[in-house]
Amino acid sequence: MSRIEGHPIVRIERGEPFAFAFSGRSIKAYPGEMIASALFAAGIRVFGHHPRDGAPQGIYCANGQCAQCLVLADGVPVKACMTPARPGMRVEPVDGLPELPPIDRVPEMREVETIAVPVLILGGGPAGLSAAIELGSRGIETLLVDDKDRLGGKLVLQTHRFFGSIHAVYAGTRGIDIGTRLAREVDGLDSVDVWLNSTALAVFSDKKVGVLRGDRYVLVEPEALLVATGAREKSLVFDGNTLPGVYGAGAFQTLVNRDLVRAADRLFIVGGGNVGLIAGYHALQAGIDVVGLVEALPECGGYKVHRDKLARMGVPIYTSHTILSANGTDGVESVTIARVDEGFRPIAGTERSYGCDTVLIAVGLDPVDEFYEAARRFELPVFAAGDAEEIAEASAAIFSGKIQGLEIARHLGATDESVPDDWRTTSEILKSKPGRTIDRAIRQGESPEANGSAGTVRPVLHCSQEIPCNPCTSVCPQGLIRIDEDDIRKTPEFLGERLGKECIGCERCVTVCPGLAITLVDRRDDPERPIVTIPFEYAPERIAVGDQVDVLDAVGDLLGSVPVVEVKAIEANDRTVLVKVRAPGGIAERIAGIRVQESWVGEPLPEAVEPIRDTDIVCRCERVTAGEIRELIRSGLRDVNEIKTMTRAGMGACGGKTCSTLILRLFREEGVPFDEVTENVPRPLFVEVPFASFAGCVSNAEGTDSFEPGRESSGFSRLEGRS
Ligand code: FES
């Protein structure tokens, strides 16, 4: 593990390094870097050991949700993934139950401030930012609260170009750049105030929202609340599922794409949805080997273009397979997988193990909707947008934020404009799941098998699944690529011959396609050995004229080895390199990509590794296994609260965020109807907080907080502020 020193998409800008101590060892960090990221970059991924069984603890979510990364920083327990390192800081692992330092002074207390605002938005990701723009552009005073040190939410992790509608949600632009654009727009709105490094803790029955701003506790009293808190990753039960090195795909993207830490050498991915597929692609871009990906269903659930892209890069994809165990002692050393039958049961004798140091769990997302539910319970006017409302792509979140922004403006009486029907239609389209897959070989004039005509140049469209995406249609200067205007989920068509116009070989469609699913075949100078232009999102230094490269068809089958004749890396193509190869005429139209990963990377170990049994943890915080909970269910328990009382499952620091859905799944596996189960009673606070915060205590003697604002609020001029 180390830092990434070159990335094809993300610009690396680090400030002056400084040192802090971990267990007495000097660790290098950069300004703004979280403790967890600096430790990872130094090769440390065990941050402590659990008091119950001494199991090693590291990160899981890297997003403040799971509390696995607890360390003591200058004597105070903090989440390493959410706490920036500071020069000279003394960080200690949490081994067992350490003693906290004695308190040597009476803490200074003060009244907790209450602030009234027309609109409070929780979450500065795609949905929250879009809503803030909609509200702010109407002059509506809005407070946006986010727990990170910059706006953008998950957009700051997305290095790939976005799907969706080019007009509605910036499709064809990279997620990180969309995040920057939306944040700038918010920045320019006088009526929108932003609190960064600020965590919403709870919604109370008096309709106030508790927010920890830095370490200063504030009560916010909104007329309307928008919950745009995104999603948290689902967990999975298997032997070794809490070993350091097993973590959520979002955590991996945070370490790699935000913090530029090379968080793994050899990665295995569990889950073939868009999150897992994209994480695999991001890993390859960061120079990390992707040993394989398992998906229990017969087909990957994510976009086919994402799946195909990964396969073309050389990543083995095992559908109808599941993970049996992550194996190792102080961290992941290998993973064992097996084929599953129609009932998703592993088939004995099909077990195989692969050497890897990291296992990514990407098995779906749950909405972070507890604030929404609490606000509804207490009859505070509340709206939800993005993943907090419904799990979908980030492009859908952008649009749902826009819609809810307008709904709130209407609710406040600031406009009588209602949400246009076409906004609702666009929103539904953007949220839709992948549709039909067509066979391009039989569509007239688009067969990748068919050779183009001598003396012509034309694009070959390798995208064959109905998904909401249209950037290719808007960039063609000849207007030769078309998608049904009423429904951008339809697959694109090349209309060249039908319109009697010719492709001019401008390459814009090749560059803009988010799925890297368009190539250009140029038979103008040599019809028998045409030039094929292939998009390539890696550092241009990784490939050179004269190299012999393996080329593959759309789904990843090897076609042959061909020479590179040009590598075109120009600014106008926004970090998409165009690689031109000269290929035999018979395969030119079928070429869709270049393999970047050698096939030996995905080879299994000679023998399957036996898992260490009874390490399939359901409650990470309290180390409760699936076996313990199953036993209670079989003994007749139907109340999750009773299970919590008897095992402590759900009683830990994370507040049941990771185990609650797993416990419900165990009931289902045991054949217990859901209506017989009494669910866990949620805790009033959704995030851990020092009790002292509620007494207005702050961390230093002067009574000033340690909050370092990205944009310090100037307060609300026309709002009531009271103590
Ligand atoms: S890894 Fe830090 S809270 Fe989950």
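This is a predicted model: local features need pLDDT of at least 70, side-chain atom pairs count only at pLDDT 80 or more; totals for chains, interfaces and linings use all residues.
Q: Helices first. At what angle do α6 and α7 pack?
A: About 35°, with the axes 9 Å apart. Helix α6 is residues 274–285 and helix α7 is residues 304–313. Helices (H or I, at least four residues) and strands (E, at least two) are DSSP runs, numbered from the N terminus. Axes are lines fitted to C-alpha atoms, for helices over the stretch in contact, and angles run from 0 to 180 degrees between N-to-C directions.

Q: Is the crossing of α6 and α7 left-handed or right-handed?
A: Left-handed. That term applies if the near helix is turned anticlockwise from the far one by less than a right angle; clockwise is right-handed.

Q: Which residues in α6 and α7 meet?
A: From α6, N274, L277, I278, G280, Y281 and L284. From α7, H306, R307, K309, L310 and M313. Contact means heavy atoms within 4.5 Å.

Q: And by class, what does that contact of α6 with α7 have?
A: Six nonpolar, three polar and two charged residues. Ala, Val, Leu, Ile, Met, Phe, Trp, Tyr, Cys and Pro count as nonpolar, Asp, Glu, Lys and Arg as charged, and the others, Gly among them, as polar.

Q: What about α5: how many of its residues are buried?
A: 10 of 10, across residues 249–258. Among them are F252, Q253, N257 and R258. Buried means under 20% relative accessible area, exposed over 50%, and partly exposed in between (1.4 Å probe, protein chains only).

Q: Which residue just after α5 takes a positive phi?
A: L260, at about 55°.

Q: Is C503 buried or exposed?
A: C503 is buried, with a relative accessible area of 15%. C66 also counts as buried, at 3% relative accessibility.

Q: Now sheets. What is the strand order in the open sheet of three?
A: The order is β21-β22-β23, with antiparallel pairing. β21 (321–327) and β23 (352–355) stand at the edges, each with a single partner strand, so one side of each has no neighbour in the sheet. The twist averages 25° from one strand to the next. Two strands pair if DSSP finds at least two bridges between them.

Q: How many bridges join β21 to β22?
A: Six, and the strands run antiparallel. S325 stands opposite T336, and H321 has R339 as its bridge partner. The hairpin has six residues between its strands, and G328 in the turn has a positive phi of about 155°.

Q: What joins β22 to β23?
A: Four bridges, again with antiparallel strands. The partner of I337 is R352 in β23. As for burial, five of the six residues in β22 are buried.

Q: How many residues lie between the strands in the hairpin of β6 and β7?
A: Two, and D74 takes a positive phi near 50°. Four bridges join β6 (residues 70–73) to β7 (residues 76–79). L72 stands opposite P77.

Q: Which strands make up the open sheet of seven?
A: In order, β27-β30-β31-β34-β33-β32-β35, with antiparallel pairing. The edges are β27 (457–461) and β35 (593–594). Five bridges join β32 (residues 548–552) to β33 (residues 558–568). V551 has G560 in β33 as its partner.

Q: Where does D553 lie?
A: In the loop between β32 and β33. D553 is buried, with a relative accessible area of 11%.

Q: Which residues does D553 touch?
A: R312, L559, R590 and A592, not counting residues up to four places away in sequence. D553 and G386 are 35 Å apart in space, C-alpha to C-alpha, and 167 residues apart in sequence.

Technical notes: Residues are numbered from 1 along each chain as its sequence is written. Side-chain values use heavy atoms; hydrogens and water are left out.
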